[in-house]
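The sequence and structure come first.

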Protein chains: 2
Amino acid sequence: MKLFAVPDLPEIEPGDDIASLIDERVDLEPSDVVCVASTIVSKAEGRLADLSAFPAGPRAREIAANLEDATGEPKDPRFAQAVLEESVGLLIESPFLLTETRFGHVTVNAGIDRSNVPGHDLLLLPRHPSASAEEIAGGLDADRVIVTDTCGRPFRHGQRGVAIGWAGMPASRDWRGEHDRTGRELGVTVQNVIDELAAASNLLAGEGAGGTPVVVVRGFEFGDHEGSDEHFREIEGDLVRQALREWNDGS
Amino acid sequence: MKLFAVPDLPEIEPGDDIASLIDERVDLEPSDVVCVASTIVSKAEGRLADLSAFPAGPRAREIAANLEDATGEPKDPRFAQAVLEESVGLLIESPFLLTETRFGHVTVNAGIDRSNVPGHDLLLLPRHPSASAEEIAGGLDADRVIVTDTCGRPFRHGQRGVAIGWAGMPASRDWRGEHDRTGRELGVTVQNVIDELAAASNLLAGEGAGGTPVVVVRGFEFGDHEGSDEHFREIEGDLVRQALREWNDGS
């Protein structure tokens, strides 16, 4: 398995055709997995915004008053308003905003980015990342596309790459019913390969001035397993989220 | 960047020298990252055990009574005893055991494996995975070693590879103080690269009869960043864990 970054991509502008920009720069094989950072998908889809577009309502002002920005000042309530508009629920309100986006992704600040946004204040996540992945895949010689994000997580320090949208492949390998070397049924059941591919691609993608937002994974074999498209947990099956909601409501 | 599995490793037995077994099969380069599944580290370190070694105390019996095994029967209280002995704390007690291991890893059942354990009932995680990584690295031509596990996580379906021990490299790239293309300071601050490498290696490692427990990552460049060895969160900085503990104590 081999990973390489697509070289020399320009700064992406609203309306750009990401698939064409990739196709002009690399010779893809049909089985390649193309991992595309959500930042450029958002830019191509015009998901740039300014704070002035989010006049703060009372709920946003209340939330922002309990949050600090990097300099210790209260957060701009218009930012809290933008986060609310991009979310269907808040799991934690203070000291940071842990949100569930409209497409099911649990992340801080609804994934709204305030760095790397030329000429604007905010970069919102794509509206439907799997639809974006589908559209990009339609314009490529490769069938499999993952739209990636980076985010933190409970229990472990640091951010890592994750998949927020995918097309042309299942999200997971389902090992249920398969057996170990000694014939015992496997305890590990479902392996989320799109998150693992996104994490792998993030090792090359980087975040800074030398950012390379598209990484090709060549030679990944899904193998002879059942596939599953379960990816974001619903709250019904997510005990941690249930506990957080109860805890937040009670605090 | 390129990943390949070390071919033809034998079933690992207690006392086996993993570094030698790897060295005999591949020509490593000094900058390679060698990702070793914790299952074989545990086997080499003799971390196999039987349920009979864990006579259940009252706490284990109480916990087991609230848990079901795969067939809907109450869990074996000796299994709960083993989990308790491998843990410093329980975050969730029912319907599954979410634990913190002695070395800081938050995972279900203290990471105790019941599949792929020839001749025994249980496979415990290595006692000190970073010490294990250090020891393996000492016997290899490559300097960087990661001991990997697979585990689930909140908010997202499926398991993915994670690092539980590491040697020869920092856990994370610290981007703080670095700037984006437009000169704005980056919002994303710390990238946990050892978890991303573990996830990448798990794409090749697999779990089943064709398991390949050692994967070499060639060509990963840490780059010109500060490094950090923060990996497992302490409860003080982990709001989700605090909430879970309060929720578990109150339920």
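In chain B, three strands build an open sheet in the order E4-E5-E6, with antiparallel pairing. Two strands pair if DSSP finds at least two bridges between them. Helices (H or I, at least four residues) and strands (E, at least two) are DSSP runs, numbered from the N terminus. The edges are strand E4 (87-92) and strand E6 (106-108) of chain B, each pairing on one side only. Neighbouring strands of this sheet are turned by 35° against each other on average, direction ignored.

The model is predicted: local features need pLDDT of at least 70 and side-chain atom pairs count only at pLDDT 80 or more, while totals for chains, interfaces and linings use all residues. Residues are numbered from 1 along each chain as its sequence is written, chains are lettered from A and ligands numbered from 1 in the order in which they are written, and side-chain values use heavy atoms, with hydrogens and water left out.

Strand E5 (residues 98-101) of chain B is joined to E6(B) by three bridges. B:Leu98 stands opposite B:Val108 in E6(B). H7(B) packs on this sheet and touches E4, E5 and E6 of chain B. The direction of H7(B) makes about 75° with that of E4(B). Axes are lines fitted to C-alpha atoms, for helices over the stretch in contact, and angles run from 0 to 180 degrees between N-to-C directions. Contact means heavy atoms within 4.5 Å.

H7 also links the chains. Helix H7 (residues 239-250) of chain A packs against helix H7 (residues 239-250) of chain B at about 80°, with axes 9 Å apart. The two helices are therefore roughly perpendicular to each other, a term for angles of 65 to 115 degrees. Residues of H7(A), including A:Leu239 and A:Trp247, meet residues of H7(B), among them B:Leu239 and B:Trp247. By class, this contact has ten nonpolar, no polar and two charged residues. Ala, Val, Leu, Ile, Met, Phe, Trp, Tyr, Cys and Pro count as nonpolar, Asp, Glu, Lys and Arg as charged, and the others, Gly among them, as polar.

Now chain A. Nine of the ten residues of strand E8 (residues 144-153) are buried, meaning under 20% relative accessible area with a 1.4 Å probe, protein chains only. The pairings of E8(A) are these:

| Strand pair | Sense and bridges |
|---|---|
| E2(A) (33-37) with E8(A) | parallel, five bridges |
| E8(A) with E9(A) (156-167) | antiparallel, eight bridges |

A:Val33 has A:Arg144 in E8(A) as its bridge partner. E8(A) and E9(A) form a hairpin with two residues between them. In the turn, A:Phe155 has a positive phi of about 80°.

Conventions. Parallel < 35°, antiparallel > 145°, perpendicular 65-115°, else oblique. Buried < 20%, exposed > 50% of the residue type's maximum accessible area, 1.4 Å probe, protein only.
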